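Trainee: I would like to learn how to read the features of a model step by step. Could we take them one after another, with the general idea ahead of the case?

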Amino acid sequence: MEKLRILYVASEINPFLQTTDVADYVRKLPQAMQEKGAEIRILVPRFGLINERKNRLHEVVRLSGINITVGDEEKPLIIKVASIPNAKLQVYFIDNDDYFHRKSVFFDKENNFFDDNDERAIFFCKGVLETVKKLGWAPDVVHCNDWMTALIPLYLKTTYRNDPMFKDTKSVFTVHNNAFDYKFDADLQSKAKAMDVSDEALAHLHSADFEGFVKIGCAYADAVLKAEEHCSESLNEIFNNAPKRVQLDEQDENFSESYYNLYNDLVS
């Protein structure tokens, strides 16, 4: 039997960057799956807080050089890579000078939410899928975490559904309790457009907020999980309305077995 191939996508991962619980979740789970024999890839943004020299990031020239469309603009994609110390796990970093070189994640020094965080998320989601194509590595499962990755399940079901690299790929979306209050501009839906993506498919983004992103991830993923037991009332409602929701006990000592079984059930 071939190894299960799992791609993890998130906004952060320990030890490179931690601002929320996502970083620990995405550090623990891939290693647990690797120990069960799965083949793992991890993709995160190269936020400016990540020290390239200290963490030994280097550019992967053969993967870089693609242009990613966000609305009417095209932005160059740069791919970097580093290894997690004491683990046989490689992390690929999605980079772009305009989007990821500021020395903060989603908020500036005055705690203002960046008004282009929507574009950064769109660039990241599209960049992830194009990077995987360039790698020539067809994942069985793409496990997306938190709002920034929420468009990937949609793109897999639309733009990439007939792509040989993704035609059998299943997606998992984990809801994390990291809400923000900001509302994006009304052109969010047009920015998120891609080939074979209809206005109707993007309807959840009409609210142009955190919940809109989470709803779109929940609507298109093949399995929806919730990382924290105690979420906001609105997040709980979104999760409970997700057609493919799966309840896994994060505190269960056999959590890795539960995830491994979930992934295998999806691809069998």
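This is a predicted model: local features need pLDDT of at least 70, side-chain atom pairs count only at pLDDT 80 or more; totals for chains, interfaces and linings use all residues.

Trainee: Is Thr19 buried, exposed or partly exposed, and which residues is Thr19 in contact with?

Mentor: Buried means under 20% relative accessible area, exposed over 50%, and partly exposed in between, with a 1.4 Å probe and protein chains only; at 47%, Thr19 is partly exposed. Contact means heavy atoms within 4.5 Å, and, leaving aside neighbours within four places in sequence, Thr19 is in contact with Glu12 and Val105. Pro15 lies in that loop between β1 and α1 as well, and the peptide bond that joins Asn14 and Pro15 is cis, with omega about 5°.

Trainee: How should I read the sheet, and in what order do the strands form it?

Mentor: Two strands pair if DSSP finds at least two bridges between them. Here eight strands form an open, mixed sheet in the order β3-β6-β7-β2-β1-β8-β9-β10, with β3 (58-59) and β10 (223-226) as the edge strands, each of which pairs on one side only. Within the sheet, β6 (residues 78-83) and β7 (residues 90-95) pair in the antiparallel sense over six bridges, and Ile79 has Ile94 in β7 as its bridge partner. By contrast, β1 and β2 pair in the parallel sense over five bridges, with Arg5 opposite Glu39 in β2. Four of the five residues of β1 are buried, so this strand is largely enclosed by the rest of the structure.

Trainee: Which strands does α4 touch where it packs on the sheet, and how can I check the length of α4?

Mentor: For the length, the expected span of a helix is 1.5 Å times one less than its number of residues; the 19 residues of α4 (residues 117-135) should therefore span 27 Å, and the end C-alpha atoms are 26 Å apart, which agrees. As for packing, α4 touches β1 (5-9), β2 (39-45), β6 and β7, and its direction makes about 130° with that of β7. Of the 19 residues of α4, 17 are buried, and the helix is followed by Gly136, whose phi is positive, near 70°.

Trainee: At what angle do the axes of α1 and α9 cross?

Mentor: Axes are lines fitted to C-alpha atoms, for helices over the stretch in contact, and angles run from 0 to 180 degrees between N-to-C directions. The axes of α1 (residues 22-35) and α9 (residues 255-267) come within 10 Å and cross at roughly 70°. Angles under 35 degrees count as roughly parallel, over 145 as roughly antiparallel, 65 to 115 as roughly perpendicular and the rest as oblique, and α1 and α9 are therefore roughly perpendicular to each other. Among the residues that meet are Tyr25 and Leu29 in α1 and Tyr259 and Tyr263 in α9.

Definitions and conventions: Residues are numbered from 1 along each chain as its sequence is written. Side-chain values use heavy atoms; hydrogens and water are left out. Helices (H or I, at least four residues) and strands (E, at least two) are DSSP runs, numbered from the N terminus.
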